[in-house]
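Here are some notes for a first look at this structure. Please read them with the model open beside you.

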Amino acid sequence: GRGFDPETVRRDFPVLHRTVNGHPLVWLDNGATTQKPRQVIEALAAFYASANSNIHRGAHTMAREATEAYEGSRAAVASFLGAPSPDSVVFVRGTTEAVNLVAQTWGRANLGAGDEILVPVLEHHSNIVPWQMIAKERHARVVPVPLGPDGQIDQNAFADLLSFRTQLVALSHASNVLGTVPPVREMTALAHRYGAKVLVDGAQAVAHFPVDVQALDADFYVFSGHKLFGPTGIGALYGKPEVLAGMRPWQGGGNMIDSVDFGRTTFAPVPHLLEAGTGNIAGAVGLRAAIDWLTSQDRTAVTAYEKALTEYAVQALAGVPGLELIGAAPERISVLTFTLAGYDPAAVAECLDRDGIAVRAGHHCAQPALRHYGLESAVRASFALYNTPREVDTLVASLQNMRQQ
Ligand code: PMP
């Protein structure tokens with residue numbers, strides 16, 4: 001490997017050099033969104049400055065160039081995920097839209113009365129609520145898969161809950177609250193024995209470790225560009241070719257049709273079938289730049305660095321009296337959620353903000369996961385490859401200082 005130096009990558013991120021409330025910014029809210037390297041910012045600016053055009057329709061040079069850029073990004077996403085072909089990638093607004101798309105198309109066509117969707121208690125609301133909505137409509141049921149005390153999915157309970165009623169298992173590749181990385185490949189293999197499909201929410205995974213959707217054997221894999229150093233408003237839905245091929249249209253409009261007539265309308269094949277209207281073309285260009293930027297790093301070294309940084313943070317935070325980390329799964333990404341005895345999480349975040357440290361406080365869109373620990377709110381520090389042990393020290397010093405006031 002080429003190794004990894006966080007100080008080198010920090011130079012690519014202009015925003016990391018600003019101050020907040022008179023202090024150097026310490027960005028520990030990467031679970032909510034990551035910062036953008038200049039390569040992404042420049043790709044967006046260059047598209048609008050010299051290449052802006054709609055795609056797929058105009059018979060002119062710039063329309064062709066924009067089409068090539070958009071389709072080039074699709075190919076880059078496919079290769080980033082280990083997908084068999086660019087046609088198995090649908091551009092969406094983000095993870096939330098991808099899950100809703102699958103619920104509204106695949107779900108509406110495949111769920112019937114008494115069918116079950118298994119959803120771990122860990123999940124983000126965007127991987128719970130769309131299933132509740134379609135389940136209600138189809139008289140199906142969303143069945144929560146319980147957690148063990150360490151925040152890992154209870155594998156015995158999962159095996160017991162699986163049955164021939166199970167149509168879908170929807171689970172995240174990494175939890176945004178506990179950082180837990182479940183054994184997705186094994187769970188998928190088990191689900192497939194019952195003929196169930198598996199949707200993997202990769203929102204928190206893709207920035208932290210390489211993903212191979214074919215090795216996982218996932219039927220669907222979804223993520224958001226903005227948590228992957230890319231722009232907001234663009235993300236991807238991967239579907240197995242044979243699963244996508246059977247999908248019905250979602251939104252209707254331009255780009256998704258073959259021929260429109262008041263008598264009969266015929267549709268374009270996937271992925272275009274599921275991409276009605278003008279997409280986020282610049283966003284796709286920015287997403288490609290983000291993928292190129294991340295994959296130019298030594299990813300094995302990045303994952304090892306993040307693991308070491310997380311271990312360092314766990315040790316350092318243990319020295320803060322009254323601080324309690326939630327969940328302690330051995331397999332986890334660099335997300336640490338905690339409470340501080342005697343302090344409201346919102347007040348902790350506010351205090352840290354005064355020192356230029358950005359963390360999130362609240363339920364993190366995962367209320368069932370927090371309630372598993374009897375909590376309604378907690379503080380979350382989530383790290384990316386550009387965070388440093390020095391920033392961990394700053395966080396710990398700020399927390400210590402707060403307790404002494
Ligand atoms: N799933 C997980 C695990 C997430 O962390 C998030 C974002 N916090 C989402 C889904 C939703 O992503 P988005 O808001 O980009 O659609």
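1. Contacts across the chain. Take the contacts between residues at least 6 apart in sequence: 71% of them join residues at least 24 apart. Keep in mind that this is a predicted model.

2. Overall build. The protein has 14 helices and 17 strands. Its C-alpha atoms fill a box of roughly 75 × 55 × 40 Å along the principal axes. For 405 residues, a compact globule would have a radius of gyration near 22 Å; the protein has 22 Å, so the two agree. Buried residues account for 55% of the 405.

3. The annotated span. The UniProt record, an unreviewed entry, places the feature "domain: Aminotransferase class V" at residues 26-395. The end C-alpha atoms of that span lie 8 Å apart. Residues 26-395 are 39% helix and 17% strand.

4. The seven-stranded sheet. In what order do the 7 strands of the open sheet run? The order is β4-β10-β9-β8-β7-β5-β6, with mixed pairing. At the edges stand β4 (89-92) and β6 (141-145). Each has a single partner strand, so one side of each is left without a neighbour in the sheet. Neighbouring strands here are turned by 20 degrees against each other on average, direction ignored.

5. Is β5 (residues 116-120) mostly covered or mostly open? Mostly covered: 5 of its 5 residues are buried. Both faces take part. E116, L118 and P120 are buried on one side, I117 and V119 on the other. β5 pairs with β6 in the parallel sense, over 5 bridges. Within that pairing, L118 has V143 of β6 as its bridge partner.

6. Strands β9 and β10. Here the sense is antiparallel: β9 (residues 220-224) and β10 (residues 235-239) pair over 5 bridges. F223 stands opposite A236 in β10.

7. A closer look at S224. This residue lies in β9. Is S224 buried or exposed? Its relative accessibility is 4%, and buried means under 20%, so S224 counts as buried. The S224 side chain makes a polar contact with the side chain of T95, at 2.5 Å. Not counting residues up to four places away in sequence, S224 touches G94, T95, I234 and G235.

8. T67, in a helix. T67 sits in helix α3 (residues 61-81). Its relative accessible area is 18%, and T67 is buried. Which residues does T67 contact, leaving aside its neighbours within four places in sequence? They are I55 and H56.

9. The four-stranded sheet. A further open sheet has 4 strands in the order β13-β14-β17-β16, with antiparallel pairing. The edge strands are β13 (323-325) and β16 (360-362), each pairing on one side only. The twist averages 30 degrees from one strand to the next.

10. β13 pairs with β14 (residues 335-340) in the antiparallel sense over 3 bridges. L323 has L340 of β14 as its bridge partner. Helix α11 (residues 299-318) lies across β13 and β14, running at about 10 degrees to β14. Helix α14 (residues 389-404) also packs on the sheet, where it touches β13, β14 and β17 (378-382). The direction of α14 makes about 10 degrees with that of β14.

Key: Residues are numbered from 1 along each chain as its sequence is written. This is a predicted model: local features need pLDDT of at least 70, side-chain atom pairs count only at pLDDT 80 or more; totals for chains, interfaces and linings use all residues. Side-chain values use heavy atoms; hydrogens and water are left out. Two strands pair if DSSP finds at least two bridges between them. Helices (H or I, at least four residues) and strands (E, at least two) are DSSP runs, numbered from the N terminus. Axes are lines fitted to C-alpha atoms, for helices over the stretch in contact, and angles run from 0 to 180 degrees between N-to-C directions. Buried means under 20% relative accessible area, exposed over 50%, partly exposed in between (1.4 Å probe, protein chains only). A polar contact is a pair of N or O atoms within 3.5 Å; within protein, one must be able to donate a hydrogen and the other to accept it, and residues adjacent in sequence count only if both atoms are side-chain atoms. Contact means heavy atoms within 4.5 Å. UniProt positions are given in the numbering used here, feature names are shortened, and annotations may be inferred rather than shown by experiment. The radius of gyration is taken over C-alpha atoms; the globule rule is 2.2 Å times the number of residues to the power 0.38.
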